[in-house]
Amino acid sequence: MYPEGLKYAKTHEWLKVEDNEGKVGITYYAQDHLGDITFVELPQVGAELIKGKSFGTVESFKAVSEFYAPVSGKVVQVNKGLRDNPELLNQDPYGQGWILVVEIANPAEMEELLSPGDYEQWVKQQEEVE
Amino acid sequence: MREKLVFEISKKGRVGVSLPRCDVPEEEPERLIPERCLRKDLPLPELSEPEIIRHFTRLSQLNYAVDTGFYPLGSCTMKYNPRVNEEIASLPGLARLHPYQPEELCQGALRLMYELGEYLAQIGGMDAVTLQPAAGAHGELTGMLIIRAYFLSKGQKRHKVIIPDSAHGTNPASAALCGYQAVEVKSDKKGCVDIGELNKLVDDDVAAIMLTNPNTLGLFEGNILEIAAIVHRAGGLLYCDGANLNALLGVARPGDMGFDLLHFNLHKTFSTPHGGGGPGSGPLGVKKALAPFLPVPLVVKQGKRYLLNYNCLLSIGKVRSFYGNFGVLVKAYAYLLSLGSEGLRQVAENAVLNANYLMNRFKDHYHLPYDRICKHEFVLSGARQKKRGIRALDIAKRLIDYGFHPPTIYFPLIVNEALMIEPTETESRQTLDRFADALIKIAGEDVKTLKSAPHHTPVGRLDEAAAAREPNLRWKK
Amino acid sequence: MHYIPNTDGDRIEMLQAIGLASVDELFSDIPAQVRINAPLKLPSAFSELELLEHARQLGAENANIDDYVCFRGAGAYDHFIPSVVKQIVSRAEFYTSYTPYQAEISQGTLQAIYEYQTLICQLTGMEVSNASMYDGASALAEAVLMSCRVTGRDRLLLSQTLHPEYRQVVKAYLQGISVEAVEIPYASGLTDLDWLKKELNDRVAAVVVQHPNFFGLLEEVDEISQIAHRVGALFVVSVDPISLGILQPPGTYEADIAVGEGQVLGNEMCFGGPYLGFFATRERFVRNMPGRLVGATTDSEGRRGFVLTLQTREQHIRRVKATSNICSNESLNALAAAVYLTALGKEGLRKVALLCLRKAHYAWRETAKLNGFSPLFSGTFFKEFSVNCPTSPPKINQVLLRQKIIGGLELKGSYPEHENGLLVCVTEKRTKEQIDEFVESLRKIGEEQ
């Protein structure tokens with residue numbers, strides 16, 4: 001459910017680093033929690049993300065959540081396919097359901113992100129709080 | 001049973017109503033109006049009268065309603081809608097009035113509005129009332145605008161409104177609509193406003209605290225006097241969302257607790273029907289200092305005459321056309337007169353007794369996050385059931401199979417798997433018992449039965465995700 | 001209390017079951033100093049018989065339009081309501097139900113709203129309609145707020161020929177946010193297009209007019225629409241749905257938001273409410289719309305069904321960021337509108353509109369022939385027209401009242417520049433005989449001057 005090789009934010013986004021760029025998506029837990037996703041609002045290419053700040057929204061038919069940037073940087077690519085097929089976030093959150101690619105401004109920020117194991121622990125804690 | 005849409009029933013050449021012949025010269029419209037302003041085609045359906053009656057009657061039969069069964073929707077006060085109110089509201093002398101007819105020819109209507117305002121002020125402990133808002137949220141907006149105008153008149157501009165995390169969504173939305181920053185205050189372990197937290201949040205930038213009392217957990221805010229003192233010390237105001245006033249009728253008055261503004265939901269507390277989503281009516285009561293800011297016109301009494309007073313310099317203006325949902329006001333007025341002051345208190349007592357009786361029956365079967373005397377409603381949690389994969393939604397849908405309307409679910413947001421139940425005073429103990437039996441039985445039913453519920457409705461669970469992904473909001477050929 | 005089923009015996013048993021001795025204990029969590037000890041100052045309970053009698057007496061103190069002939073409009077209109085409408089909205093399955101959140105047991109209300117939305121789209125030529133707003137004025141205020149959201153701009157141009165109360169409501173809704181509303185003056189009873197062209201710039205979120213306007217006149221909607229769009233502003237129009245039986249719909253002149261008062265669609269005038277505001281716009285703005293929406297979908301067996309949809313825009317989900325704070329709307333009035341439009345249908349609505357048009361023009365021509373009475377404006381009108389009177393309109397109305405005629409609205413109240421202006425409304429309900437009598441009364445008044 002939480003593939004190796006990715007870094008995870010406590011706000012339930014994943015980051016896959018390739019050179020100085022990072023691909024961003026939401027985790028299995030996040031999409032499962034939201035239920036059937038019906039709409040995604042994404043930033044434009046060129047927008048500046050700030051770590052920890054909202055960069056878009058995701059809607060299921062009865063809930064709205066925000067995406068929070070796992071790292072800061074400029075958006076270089078967004079997944080346009082999500083506009084017509086937001087359900088990709090449910091069906092393939094680590095593959096076709098990627099959200100955007102960001103040019104990582106400050107690699108040091110990645111140190112706060114979690115490993116798959118730590119993230120899984122974090123999710124378990126969340127479920128217990130409920 | 002699938003009922004076709006009127007557009008699918010439509011057949012060219014059919015008519016549903018007979019209209020008078022034209023008794024004035026039949027000029028061609030092109031002679032009276034430039035042709036470019038005239039429409040080429042009017043694509044409305046064509047049905048005969050019997051088809052129309054059958055269609056809409058069949059549609060009505062697909063609805064659950066207060067008149068067909070128990071409707072324990074928390075926060076909605078789905079009580080019985082007395083028939084005499086309907087009859088009175090349809091009297092020609094009350095229904096067939098033009099809003100701009102001369103004052104001397106609508107004295108009865110103005111008197112009714114004046115007296116209803118007085119009664120509501122008395123019940124809420126307020127000094128002045130406007131009947132203009134069309135619904136609860138509209139009353140909130142009116143209240144926020146008045147609060148803003150009040151501070152402006154004192155040369156102050158405050159920016160924050162504090163709202164508990166258990167509040168109705170309309171509260172933060174109304175505050176935001178009026179330009180306020182909605183600041184959330186957490187609830188404490190007892191389900192009430194956390195006073196420590198509140199103290200930290202209140203400063204001289206706070207315009208108001210918006211509270212529902214009893215709150216959406218059905219609990220009375222026991223610290224209400226302290227809350228009022230905290231906000232008043234900082235120069236702020238205390239707003240009461242009157243959605244849950246049914247619990248307090250004739251027992252206690254928000255005005256005496258320190259609330260400065262209070263909206264009433266006539267379609268909840270005062271028995272006017274919900275109409276499948278409206279019309280409602282949300283009169284707003286205020287304390288003396290805020291009265292100059294009320295919307296215009298106000299109904300005033302001069303000797304034996306009733307007048308509409310538009311001459312209010314500090315008024316926020318108008319929040320809708322004319323004077324309010326008059327037809328709804330008539331029903332609430334009739335209800336109040338049929339209760340009288342003794343009946344009023346009986347409403348609250350029986351509503352609260354019904355809620356506590358029902359709550360008590362669930363204690364061993366559902367998690368009760370706040371186990372103390374409730375007011376008119378209470379909140380169960382489906383947390384125990386969730387452990388075996390059953391969601392509040394499944395429980396709700398299964399109740400339909402037993403002939404009941406489901407309670408409000410997933411609200412308030414601070415209770416996991418919330419099931420919010422409000423029985424009202426117009427239900428008998430026998431009905432409450434039957435409902436309790438059903439909900440308790442459901443707690444032990446198998447997952448498959450619950451997940452596939454409801455089983456006997458005209459349609460099964462509908463694909464809401466598909467509806468939102470590709471909205472189909474109108475019929476097309 | 002006959003609305004409460006439980007007896008004293010029931011109450012005692014119920015208290016025992018929860019381990020309490022008295023009802024008062026249920027309220028022990030309310031601080032003693034705020035508990036009421038004496039009964040409130042309210043009248044003693046009326047029996048049903050007494051209540052009905054009292055209500056009839058109140059009603060008798062009002063002039064109702066069964067007994068008076070009404071030539072007054074100005075936002076509330078005396079149109080004919082077919083019996084089918086009243087019969088359907090009187091069905092308790094409709095009026096005693098709640099908002100249709102539980103779709104499986106609310107298909108009646110949901111399908112009726114879906115039909116209402118479709119009918120409003122057919123009538124206005126717009127792409128999407130919501131399930132209703134409180135009234136025409138608040139629908140206009142919501143339209144204006146939506147224009148600001150969609151364009152990200154903060155200035156509005158409102159025509160002075162808009163209903164004065166609608167302008168007042170729009171301004172009240174804008175008080176708390178930093179959006180500026182500027183009024184467009186009028187010339188010859190119509191929105192001043194020269195002024196509009198001069199003042200319009202790319203700060204303007206929307207140009208807002210009423211069509212036919214408050215004076216009854218048809219605005220130059222095609223041109224205003226083009227002018228507004230040139231600077232990227234939205235064109236918001238408030239229309240009389242009866243007029244759309246013959247007038248070109250807002251969709252054809254590229255209005256971005258069409259709103260209006262739906263009272264005329266099968267709802268009693270009822271001293272000003274409950275009415276309904278309809279609200280229709282373009283598909284691409286749907287996520288910015290206020291209010292409820294019903295959509296069609298299917299169940300697990302593929303059967304068509306209806307649900308509330310795009311609820312993420314609404315206050316119960318999006319809270320502080322919702323597109324509006326509206327929750328309760330005017331669902332039952334929207335049902336009346338749906339039944340009305342279905343009953344009138346393609347031919348009927350056109351016929352009603354034509355009757356209004358012809359009768360209003362007949363009344364206007366006959367009035368214009370009178371000594372001292374003259375049209376206030378020369379523009380094209382639909383069912384209302386403004387006349388200049390030889391004497392003060394309040395005096396005229398006093399005389400008319402003695403003949404059980406409710407005359408036109410005195411314009412002076414909202415437009416002081418028209419001291420002797422009277423706004424007359426003629427619907428399909430007015431007979432030639434009534435119009436002749438009205439005109440005859442005016443003639444006498446004119447001659448007495």
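Tutor: Start with the salt bridge: a side-chain nitrogen of Lys or Arg within 4 Å of a carboxyl oxygen of Asp or Glu. K397(B) and E104(C) form one, and their closest N and O atoms are 2.7 Å apart. This is a predicted model, so local features need pLDDT of at least 70 and side-chain atom pairs need pLDDT 80 or more, while totals for chains, interfaces and linings use all residues; side-chain values use heavy atoms, without hydrogens and water. Residues are numbered from 1 along each chain as its sequence is written, chains are lettered from A and ligands numbered from 1 in the order written.

That pair belongs to the interface of chain C with chain B. Here 189 residues of chain C are in contact with 201 residues of chain B (contact: heavy atoms within 4.5 Å). The two chains bury about 16,900 Å² (accessible area, 1.4 Å probe, lost on being put together and summed over both parts). Carbon and sulfur atoms give 62% of that area. Chain C and chain B share 14 salt bridges. Across their interface there are also 91 residue pairs in polar contact, with both residues at pLDDT 80 or more. (A polar contact pairs N or O atoms within 3.5 Å; within protein, one must be able to donate a hydrogen and the other to accept it, and residues adjacent in sequence count only through side-chain atoms on both.)

Which element gives the most to the side of chain C that touches chain B? It is α11(C), with 26 residues. (Helices are DSSP runs of H or I, at least four residues; strands are runs of E, at least two; both are numbered from the N terminus.) By residue class, the side of chain C that touches chain B has 96 nonpolar, 53 polar and 40 charged residues. (Ala, Val, Leu, Ile, Met, Phe, Trp, Tyr, Cys and Pro count as nonpolar; Asp, Glu, Lys and Arg as charged; the others, Gly among them, as polar.)

Now go inside chain C. Domain 1 takes residues 69-80 and 345-448, and domain 2 takes 83-340 (bounds from an automatic or database domain assignment). Their C-alpha centres lie 28 Å apart. Look at where they meet. Domain 1 of chain C puts 31 residues in contact with 28 residues of domain 2. Between them they bury about 2,300 Å², with 68% from carbon and sulfur atoms.

How many salt bridges join domain 1 of chain C to domain 2 of chain C? The count is one. D240(C) pairs with K383(C) in a salt bridge, with closest N and O atoms 2.8 Å apart. On the side of domain 1 that touches domain 2, α11 (331-368) and β14 (384-388) of chain C each supply at least two residues. Helix α11(C) gives the most to this side, with eight residues. The side of domain 1 that touches domain 2 divides into 18 nonpolar, eight polar and five charged residues.

Next, the backbone of chain C. Most residues other than glycine have a negative phi, and most peptide bonds are trans. The peptide bond from H211(C) to P212(C) is cis, with omega near -10°. P212(C) sits in the loop between β7 (204-211) and α9 (221-230) of chain C. G273(C) and P274(C) are also joined by a cis peptide bond, with omega about 0°. P274(C) lies in the loop between β9 (257-261) and β10 (277-281) of chain C. Then take E254(C). Its phi is near 65°, a positive value in a residue other than glycine. E254(C) is placed in the loop between β8 (234-239) and β9 of chain C.

Chain B and chain A bury about 630 Å², 52% of it on carbon and sulfur atoms. One salt bridge is counted between chain B and chain A. R469(B) and E87(A) make it through their side chains, at 3.7 Å from N to O.
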